[in-house]
Amino acid sequence: MSAQIPEVRSTEELREKWNKPEVISGSEILLRSLVLEGVDTVFGYPGGAVLYIYDALHGFTDFKHILTRHEQGAIHAADGYARASGKAGVCIATSGPGATNLVTGIATAFMDSVPLVVITGNVFSTLIGTDAFQEADITGITMPITKHSYLVRDVEDLPRVIHEAFHIANTGRKGPVLVDIPKDVSAAKTLFTPVTTVNLRGYNPRTVPNKLQLDKLVRAIAVAERPIIIAGGGVIYSGAHEAMFEFVKKTDIPITTTLLGLGCFPSAEDLWMGMPGMHGTYTANNAIQQCDLLINIGARFDDRVTGKLDGFAPKAKIVHIDIDPAEIGKNVSPDIPIVGDVKTVLEMLIPEVGRATKADAWRTTIAQWKQDQPLRYKDSETELKPQWVIEMINETTKGEAIVTTDVGQHQMWAAQYYKFNKPRSWITSGGLGTMGFGFPSAIGAQMAFPERLVVSINGDGGMQMCSQELAICAINNIPVKIVVINNQVLGMVRQWQNLIYEKRYSYTDLGGSPDFVKLAEAYGVKGLRATNKAEANAAWQEALETPGPVLVEFVVPKDENVYPMVTQGSTIDNMLMGDE
Amino acid sequence: MKHTIAVLVNDQPGVLQRVSGLFGRRGFNIESITVGQSEEVGLSRMVIVTLGDQSTLEQIEKQLYKLIDVIKVVDLGSRPMVARELALIKVKSEPAERPEIMGVIETFRASVVDIGSTSLLVQAVGDTQKIDAMIELLKPYGIKELSRTGVTAMIRGNG
């Protein structure tokens with residue numbers, strides 16, 4: 001089912017080809033620098049200020065360029081590519097509106113610590129500051145949502161800037177870096193000498209932790225009676241899932257994985273408690289509230305996880321392991337702060353720790369909770385329940401697919417009912433909660449892994465926020481399986497209106513949405529619809545057997561709510577279970 | 001609580017915006033901010049006076065370090081320091097009032113840097129309290145214009 005995209009040559013060959021010093025334009029310097037950074041796929045959209053860059057791209061075959069239909073599609077695709085592969089995602093847009101269309105995508109990546117190198121064109125240097133046609137101060141606009149940014153004023157700086165941008169994006173706490181290139185800089189010629197070293201005095205991420213703090217943690221585990229681990233996206237980003245598994249197995253400590261941490265620990269394991277927080281499991285939330293030792297590994301104590309901060313984990317000694325020192329003490333003040341790369345920290349800890357021997361009664365309690373209070377929903381033989389659809393997708397793909405989601409109810413159901421076994425197989429906008437992310441990010445993930453099954457789960461709302469990218473699936477035969485869980489309403493907002501705003505359903509009815517099957521077909525993508533279980537099984541099977549992209553619409557009832565649910569302002573053990 | 005921090009930064013376009021923007025969006029207070037050359041070519045030093053408790057100060061330092069253009073952050077209040085600001089104060093002054101005003105100025109070891117027909121331009125250097133006190137004493141005469149640099153500061157001794 002591989003995407004029909006021309007194969008690029010090996011990086012070594014390309015390095016050899018492009019490593020020679022030569023007088024070339026800024027645009028050619030950009031392309032060669034990208035190749036030398038190991039880039040194989042770029043998502044972009046041309047325009048006036050990047051004409052020189054696109055001119056250099058004409059006939060350039062040493063990486064793939066995917067022409068999206070909206071800059072937002074390009075950046076979400078680059079984001080999906082980065083989350084799936086671990087490499088920095090790259091996108092290109094023109095000045096002004098092209099650049100501002102990237103803003104939501106940059107913020108999405110920033111909130112979830114995703115490495116991106118975002119290239120924008122700008123107007124001629126001489127016109128900057130004059131309100132020229134399609135001018136926007138994109139470095140200024142994106143300052144709060146980038147890890148760093150550059151406005152390149154001299155072509156001589158370009159090789160260094162590109163090299164630094166990749167280094168900054170994909171080291172330490174990862175994040176998006178913006179490189180803004182005025183049109184004259186992309187046109188100017190100079191002697192290109194590849195840059196291979198980085199000299200940034202103000203940037204030295206600390207990866208090796210303080211040994212004294214590790215010793216404290218080892219002792220704390222030995223005496224803990226009710227220990228738990230909260231593992232977050234940092235485990236996946238540092239490539240620490242194997243170390244994580246070993247650490248959990250050795251200490252025998254129950255683990256909950258946050259929304260971004262799903263997949264960092266196999267969900268089939270007995271010690272896994274599911275997801276914590278607002279739509280977390282009964283077991284995970286109660287374990288947090290009752291534990292005496294909480295070991296946070298690469299998660300940031302987001303408000304959706306902690307609930308009411310005052311009453312969060314009230315009995316626990318708190319350990320916080322994070323590569324970003326600013327995360328430690330930002331929301332929750334830890335007793336044992338550990339700054340370092342999660343993988344390095346875990347690999348140093350593993351030889352030192354032993355089994356938490358005093359926690360046997362606790363393990364029994366947790367096993368009992370898991371048994372007594374599983375995730376549940378009322379299935380129906382007449383209606384198609386969204387949770388059932390996710391379970392069916394999980395069963396038919398054996399938890400092996402890369403799953404991307406949009407934001408809302410379907411996202412939470414996917415997080416709850418899809419059982420992840422591997423890291424980098426779950427791609428979702430957690431921090432920013434960006435609607436429109438689910439579908440284009442799947443395109444990026446598929447480009448990173450042409451041979452893997454990529455399933456994009458969307459609601460009927462979010463699907464309409466970037467549906468134009470159906471075109472690039474069809475044109476490039478990118479075989480994403482697009483799921484639309486259609487309940488004809490803006491489900492999560494409606495759920496709050498249902499539970500908290502006394503059923504005043506203000507503007508959450510999405511009636512009048514297009515026929516999604518016809519929409520897919522209009523772009524040349526196969527479209528299927530299911531309204532009951534038999535149709536759902538058949539349609540999904542057909543989708544899996546179809547070599548190219550397919551959109552499957554599952555029509556579900558609008559009154560289904562996501563449970564458990566912790567209402568805002570409550571501690572996380574105050575859960576609505578949905579069967580009250 | 002008031003804190004004075006020195007931030008050594010790359011002298012790059014936009015660096016002031018990066019630092020002040022960080023304070024703004026994270027809800028940190030800026031009482032004053034001064035920027036100028038440092039002892040090293042290519043680096044500037046900012047001195048920022050801010051209000052907040054100890055945990056806020058810790059977050060400010062950590063968040064500042066996340067900026068790539070920030071090289072070093074020093075909490076000047078952690079050790080004995082010298083903190084000074086300069087104020088230019090244009091005071092209303094009829095010729096008959098001048099001797100009295102000069103008395104105030106001399107007491108504060110300030111100086112008169114310009115004399116107009118009905119005003120005096122006073123330059124005062126000192127810590128914030130001294131400048132505040134002097135302004136209070138000059139107010140009755142009528143302050144036509146006031147401009148303060150904000151605090152710049154340094155740790156005492158060889159360190």
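Student: How far apart do the end C-alpha atoms of residues 214-349 of chain A lie, and how much of the span is helix and how much strand?

Tutor: The end C-alpha atoms of that span lie 7 Å apart, and 35% of the span is helix and 17% strand, helices (H or I, at least four residues) and strands (E, at least two) being DSSP runs numbered from the N terminus. This is a predicted model, in which local features need pLDDT of at least 70 and side-chain atom pairs count only at pLDDT 80 or more, while totals for chains, interfaces and linings use all residues. Residues are numbered from 1 along each chain as its sequence is written, chains are lettered from A and ligands numbered from 1 in the order in which they are written, and side-chain values use heavy atoms, with hydrogens and water left out.

Student: What makes A:R173 and A:E327 a salt bridge?

Tutor: A salt bridge is a side-chain nitrogen of Lys or Arg within 4 Å of a carboxyl oxygen of Asp or Glu. The closest N and O atoms of A:R173 and A:E327 are 2.7 Å apart, and the pair therefore meets that limit. A:R173 lies in the loop between α8 (158-169) and β7 (176-182) of chain A and A:E327 in the loop between β12 (317-322) and β13 (336-339), so the pair ties together parts that are 154 residues apart in sequence.

Student: Is A:E327 buried or exposed, and how do you know?

Tutor: Its relative accessible area is 5%, and buried means under 20%, exposed over 50% and partly exposed in between, with a 1.4 Å probe and protein chains only; A:E327 is therefore buried.

Student: Why do B:E39 and B:R45 count as a salt bridge?

Tutor: Their side chains meet at 2.8 Å, N to O, which puts them inside the limit and therefore makes them a salt bridge. B:E39, with a relative accessible area of 64%, is exposed, whereas B:R45, with 26%, is partly exposed. Elsewhere, salt bridges that share partners join A:R173, A:D324, A:E327, A:K330 and B:K66 into one network.

Student: Which strands of the open sheet of chain A stand at the edges, and why are they called edges?

Tutor: The 6 strands of this sheet follow the order β3-β2-β4-β5-β7-β6, with parallel pairing, and two strands pair if DSSP finds at least two bridges between them. β3 (64-67) and β6 (148-151) each have a single partner strand, so one side of each is left without a neighbour in the sheet. Neighbouring strands are turned by 20 degrees against each other on average, direction ignored.

Student: What makes the ring pair of A:W362 and A:W369 edge-to-face?

Tutor: The structure holds 9 aromatic pairs over all chains. Rings of Phe, Tyr and Trp (its six-membered ring) pair if their centres lie within 6.5 Å, and planes under 30 degrees apart count as stacked, over 60 as edge-to-face and the rest as tilted. The ring centres of A:W362 and A:W369 are 6.0 Å apart and their planes stand at 85 degrees, so this pair is edge-to-face. Both of these residues, A:W362 and A:W369, are buried.

Student: Why are A:Y377 and A:Y417 classed as they are?

Tutor: Their ring centres are 5.5 Å apart with planes at 90 degrees, so the pair is edge-to-face.

Technical notes:
Axes fitted to C-alpha atoms, helices over the stretch in contact; angles between N-to-C directions.
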